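Try each one yourself before you read the solution.

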Amino acid sequence: MILQYLDFERPIVDLENRLKQLHRIDDGTDKSVREETAKLEKKIEKIRKGVFSNLTRWQIAQLARHPNRPYFSDYVSLVFKNFIEIHGDRSFRDDPPIICGFAELEGQKTVVIGQQKGRNTNEKIHHNFGMANPEGYRKALRVMKLAEKFSLPVLTFIDTPGAYPGIGAEERGQSEAIARNLLEMSHLKTPVVVTVLGEGGSGGALALGVGDEILMMEYAIYSVISPEGCASILWRDTTKAEVAADMMKITAPDLKKFGIIDRIVPEPMGGAHRDHKAAAETLKTSLVEALTPLLSMPVQELLDRRYGKFRDMGVFKKKLGG
């Protein structure tokens with residue numbers, strides 16, 4: 001994997017490269033090299049904390065899309081065991097942007113469903129850049145129904161810029177497929193835990209987003225439209241995406257405050273792309289904590305709780321007078 005860096009990461013990366021050079025020439029005998037190494041390590045830690053404690057919403061959006069960020073398939077191999085993939089919607093074809101299957105989470109049998117982007121050009125094309133067709137959402141629903149039949153909890157993972165807007169997708173009922181998932185997930189008779197891994201965009205994300213517990217990675221984003229899309233509509237100028245990101249309140253702390261999500265999953269210092277294994281361990285712990293109390297909850301209580309959760313989102317303001 002070729003490491004890539006964002007502009008605001010560059011000062012940290014330059015110092016880290018210098019630190020690597022010092023480590024290469026340090027044979028343990030030169031006191032001045034050891035002292036310089038220690039100073040540089042402290043400086044890197046200070047700068048990293050300074051940068052990542054003051055990120056703008058637009059910078060967090062860039063982190064959510066970071067090319068080295070772990071994708072769903074990475075978490076499957078790091079978090080779960082005995083994954084068995086299920087293909088096809090039994091109506092049209094298999095849709096690679098959505099991966100479904102059975103897996104074990106700390107000994108608990110589960111069904112996992114996640115959106116997959118691509119790491120290189122061939123993967124990106126194969127997975128359609130994480131943008132699912134209607135058959136992808138129908139495949140996901142088919143697997144959810146299997147989970148319900150066998151009383152297995154469902155774990156969904158969101159990471160998409162949005163549903164695929166192609167003509168073929170529209171002809172095959174893209175909007176109906178998304179709406180059907182929203183309807184069916186709202187009364188699925190088994191626990192559902194949703195996690196936003198990176199980019200949660202529009203209805204393409206919501207089609208996997210109805211659950212009993214909603215988790216969100218620390219540097220993920222979740223919104224009805226991308227900042228660029230919002231800027232193009234409001235100002236007809238995509239260069240105002242940074243302004244749009246700030247206005248839209250798309251980060252995990254924003255959404256936690258609004259009651260849209262339930263938990264923020266901490267990422268390693270510098271983001272999940274800096275340490276896939278550490279990010280996966282934290283996510284595993286959060287998934288177990290979120291899922292465990294749901295497993296013993298009676299089905300009707302689970303459904304009532306889920307209904308109330310989404311019914312209570314948002315605030316209505318009544319205008320008085322003329």
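**Exercise 1.** Find the ring that the charged end of arginine 119 sits over.

*Solution.* Start with the rule: a charge sits over a ring if NZ of Lys or CZ of Arg is within 6 Å of the ring centre and within 35 degrees of the ring normal. Then check arginine 119: its charged end is over the ring of tyrosine 71, 4.1 Å from the centre. Keep in mind that this is a predicted model, where local features need pLDDT of at least 70, side-chain atom pairs count only at pLDDT 80 or more, and totals for chains, interfaces and linings use all residues. Residues are numbered from 1 along each chain as its sequence is written, and side-chain values use heavy atoms, with hydrogens and water left out.

**Exercise 2.** Work out how phenylalanine 52 and tyrosine 219 pair up.

*Solution.* Rings of Phe, Tyr and Trp (its six-membered ring) pair if their centres lie within 6.5 Å; planes under 30 degrees apart are stacked, over 60 edge-to-face, the rest tilted. The structure has four aromatic pairs. In this one, the centres are 6.0 Å apart and the planes 55 degrees, which makes it tilted. (Helices, H or I with at least four residues, and strands, E with at least two, are DSSP runs numbered from the N terminus.) Finally, Phe8, Phe52 and Tyr219 form one aromatic cluster.

**Exercise 3.** Count the disulfides.

*Solution.* Look for cysteine sulfur atoms within 2.5 Å of each other. The count is zero.
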